[in-house]
Amino acid sequence: MIRFPKATRHLLLGYLALHLVAVGIFLMILIHITRNQMILDEQSRMKSIATILASYVDQQDEGMYQPDLPDQLILLGDKMGVRLTIIDTTGAVVADSITGVRDIGPHGTREEILRAQSQGSGFSERYSDTIGQPMMYYATAYHPANANHSGGFLRIAISAASINSAIRSIRNLIWMFAILTSGITGMLMVYFSARNMEPLNQFSLAARRIGLGRYERSSMLKDRRDEWGELAEAFEQMQDEIALREDNLSENSQRLEAVLSSMIEGVIALDGNGIVMLANEAACRMLSLSLKELLGHKLLEMIRIPELQNSIARTQLQRKFSKSEFLTPSDPPRRLKARVTVLAKQSQRGIAIVLHDVTELRQLETMRQDFVANVSHELKTPLSSIKAYAETLKMGALYDQKKNLHFVEQIESQAEQLERQIHDLLELAKVESGKAAFQFTDVDINDVCDACFHQFVPHAEKNLVRLEWNHCAEQPLVRADRAALETIVKNLVVNAIHYTPAGGIVSIETKIELHAAIIQVSDTGIGIAADQQSRVFERFYRVDRARSRDKGGTGLGLSIVKHLTQAFDGTVHLESQLGTGSRFQVRIPLAE
């Protein structure tokens, strides 16, 4: 099926409209010329009649006032097919071939009469109320040859209906001819345009397929050897080139997207106006914004961080690398390090921003500093005591039988405390480094907790604390190192006993929940404030430092518990309320 191109349809409509307008203008000019010529012919005729009428009036004895002149004028008007009117110098009608001498009103102000007064003759065209049709009037001044006769005006009127009818016939004929020729021309144009412009439809369909990403080849105009065939060949070459470039762009885009999405660094690209052109998931995550909120918007309107704004402004102004470090306004805040550089194209003022999340690094640096300070303090305390007691003995207390033994015992106690701290530090270091040698076996946590219970009953009684043990009815087996599990339970129980005042209760409980074995150690001790609960698993952190040192604590027990539990794919959770006690819950997956 041959489709008629829209452009050709518009061209055809324009041609038809232009053709009809041209015919209309031509018709107006032609009608104007024809009508004017017909009017001139009628004017010549009316002049001749006026000359005849003037001779006829001159032949009358009394001129225009001849008594039988009206009747003769009626006969003469019927014979000639015109209206004859004789008017005196005052504008009164003396005789008329239509009305006789009937008073038809003054005619001195009629256009043709006024022109005849001033110019000798006058012509006008108007609708006659007397006859009821359009008329043409010609008037001439009458100057009688007989000096005894009165002068006046002779007027000849001819109906304009015949001229108008002829003009309408000409107009209708020309319009019929114009419409006929326009129709024939239009049909020929439709036929030849649809036949010769069909390749445009094929090119249009091919372009639509390319727009939809379909680049399959077609037998478009392959048999033609004209310009259309050459254009079709060039079009298919262009189609292949576009398909190849799109494949390359898609591949490069996928590579870029894969690289950006796999980066832990945030990447943002801004154009010269500061509008985000590109951003990866890491950048969105760091700035707590979605990709939709970033792309196409000004970065500095989305985030108001003075350090970053200054760094961007400095790079845009100086066109060189700059960096900054700042805290995000998110909750919790993150510490980011930004490296701002200019884009490769020097003609553009765009910049690239690489964001590094240094929150954990700064936390580790802080922890390292705190660790060094805490180790120094914790090791210094027993060493200072040992040195002080040794100097006291050296200065003479060695020979004091009442005090020398006490000083030696204190030296021994502080040395044991120092040994425990060093042992816990070494064990914690091995667990954190992943170099601890664990012997994984299926361990029954009931057995581990039962052994720990019997081991620490005397210690609890010494501190006037009641130790309770509620074991699980089933056999909760976990895949872990038995000695490490014993260390976990031991540290939790010792910690609970230390922080529980006399008369309090410490309970050990085991159970199974959701494919996990749970060891739960609860106490009715002093409890832990909410703002301190997130730090109890840090090295050397003590809720009550004086009480912990009096009991011989190293401040590393809970940190060891946390790292050992994580080594067995488990978690440790704390629930506590100040003044009512604490509950530590260790959850380890059941052995398969």
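Predicted model: local features only at pLDDT ≥ 70, side-chain atom pairs only at ≥ 80, totals over all residues.
Residues are numbered from 1 along each chain as its sequence is written, and side-chain values use heavy atoms, leaving out hydrogens and water.

Five strands make up an open, antiparallel sheet in the order β2-β1-β5-β4-β3. Strands (E, at least two residues) and helices (H or I, at least four) are DSSP runs numbered from the N terminus, and two strands pair if DSSP finds at least two bridges between them. From one strand to the next, the twist averages 20°. Strands β4 (residues 133-142) and β5 (residues 152-159) run antiparallel and are joined by eight bridges. Ala141 stands opposite Phe153 in β5.

Helix α2 (residues 69-80) lies across β1 (83-88) and β2, at about 150° to β1. Angles run from 0 to 180 degrees between N-to-C directions, with axes fitted to C-alpha atoms, for helices over the stretch in contact. Helix α3 (residues 111-119) also packs on the sheet, touching β1, β3, β4 and β5 (contact: heavy atoms within 4.5 Å). The direction of α3 makes about 175° with that of β3.

Helix α4 (residues 161-196) contains Tyr191. Tyr191 is partly exposed, with a relative accessible area of 48%, because that value falls between buried (under 20%) and exposed (over 50%; 1.4 Å probe, protein chains only).
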